[in-house]
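User: Please take a close look at the aromatic ring pairs in this model, and describe their setting in the fold. Which rings come together, and what surrounds them?

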Amino acid sequence: MRNFAVIGLGNFGYFIARFLAERGLAVLAIDSSEEQVERVKQVVEKAVIADATKKEVLERIGLQDMDAVIVSVGEKVDTSILITMYLRELNVKQIIAKAISEDHGKILHIMGATEVIFPERDVAAKIAETLANPNILDTLSLGPDYSIIQLAPPEHFMHKSLRELDIRNKYNIQVIAIKELVPENIIAVPAADYTIKDSDILLVIGKHQDIEQLRKIK
């Protein structure tokens with residue numbers, strides 16, 4: 001079983017710890033507040049009250065043996081930087097740190113974070129994307145260039161086969177799966193003769209600019 005630690009049990013840290021535990025993973029939850037630890041201890045394997053700003057404390061509770069440590073004390077900029085630095089010195093394999101600004105994120109990277117997340121920014125961007133593009137139902141970024149999205153097919157696609165639409169050549173987009181809602185079914189790598197219905201959801205992969213062009217089709 002993989003082992004994870006979450007440092008900082010505010011709302012974000014609490015839900016990360018909880019969701020990891022609900023997926024059957026071993027989670028060590030850490031906070032200096034007894035109240036925060038009490039809130040989470042019923043849902044994780046272990047929860048401890050500890051001062052994570054002390055390197056010897058982090059070492060004593062075994063964070064160097066974790067598969068990944070999530071640093072969720074983003075509001076306390078100096079604290080998150082210090083903890084991240086200590087985790088790097090303990091040779092933690094994966095350090096995921098929450099940041100509240102671009103500059104904060106840059107410093108966390110310099111201090112040793114293998115990944116920096118911006119929860120408020122990322123959620124805001126996702127909501128804005130959904131509101132601006134109601135036919136895009138969900139998005140998974142694959143880096144700076146590519147995304148996988150769930151797309152309600154444009155009216156132009158209705159009752160046409162994938163061969164007729166020739167989406168890959170016309171739009172540089174690959175349809176990797178189709179979710180049929182009536183009846184509910186998933187078709188992975190659909191055949192070229194599959195005909196699009198108004199109850200279908202397309203799962204496609206492509207570059208951001210190509211997906212934007214596809215989105216504009218009526």
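Analyst: Rings of Phe, Tyr and Trp (for Trp, the six-membered ring) are taken to pair if their centres lie within 6.5 Å; planes under 30 degrees apart are called stacked, those over 60 degrees edge-to-face, and the rest tilted. The model is a predicted one, in which local features need pLDDT of at least 70 and side-chain atom pairs count only at pLDDT 80 or more, while totals for chains, interfaces and linings use all residues. Residues are numbered from 1 along each chain as its sequence is written, and side-chain values use heavy atoms, without hydrogens and water.

Ring pairs join Y14, F15 and F19 into a cluster. Y14 also has the charged end of R39 over its ring, 4.2 Å from the centre; a charge is placed over a ring if NZ of Lys or CZ of Arg is within 6 Å of the ring centre and within 35 degrees of the ring normal.

The count of aromatic pairs is 3. One of them is the tilted pair of F15 and F19, with 5.7 Å from centre to centre and 35 degrees between the planes. These two residues are 4 residues apart in helix α1 (residues 11-22), so about one helical turn separates F15 from F19. Helices (H or I, at least four residues) and strands (E, at least two) are DSSP runs numbered from the N terminus. F15 is partly exposed at 34% relative accessibility, and F19 is partly exposed at 37%; buried means under 20% relative accessible area, exposed over 50%, and partly exposed in between, with a 1.4 Å probe and protein chains only.

F157 and Y171 form another tilted pair, with centres 6.3 Å apart and planes at 40 degrees. Because F157 lies in the loop between β8 (146-151) and α7 (162-165) and Y171 in helix α8 (residues 167-171), this pair ties together parts that are 14 residues apart in sequence. F157 is buried, at 1% relative accessibility.

The loop between β8 and α7 also holds H159, a non-glycine residue with a positive phi near 65 degrees. H159 is exposed at 63% relative accessibility. S161 has its place in the loop between β8 and α7 as well, but S161 is buried at 8% relative accessible area. Leaving aside residues up to four places away in sequence, S161 touches A192, D193, Y194 and T195, where contact means heavy atoms within 4.5 Å.

N172 is found in the loop between α8 and β9 (174-181). Although not a glycine, N172 has a positive phi of about 60 degrees, and N172 is exposed at 52% relative accessible area.

Elsewhere in the fold, helix α4 (residues 77-89) packs against helix α5 (residues 102-111) at an angle of about 20 degrees, with the axes 8 Å apart. Axes are lines fitted to C-alpha atoms, for helices over the stretch in contact, and angles run from 0 to 180 degrees between N-to-C directions. Helices α4 and α5 are therefore roughly parallel to each other (under 35 degrees counts as roughly parallel, over 145 as roughly antiparallel, 65 to 115 as roughly perpendicular and the rest as oblique). Residues V77, S80, I81, T84, M85 and R88 of α4 make the contact with H104, I107, L108, I110 and M111 of α5.

As a whole, the protein chain comprises 9 helices and 11 strands, and 43% of its 218 residues count as buried.
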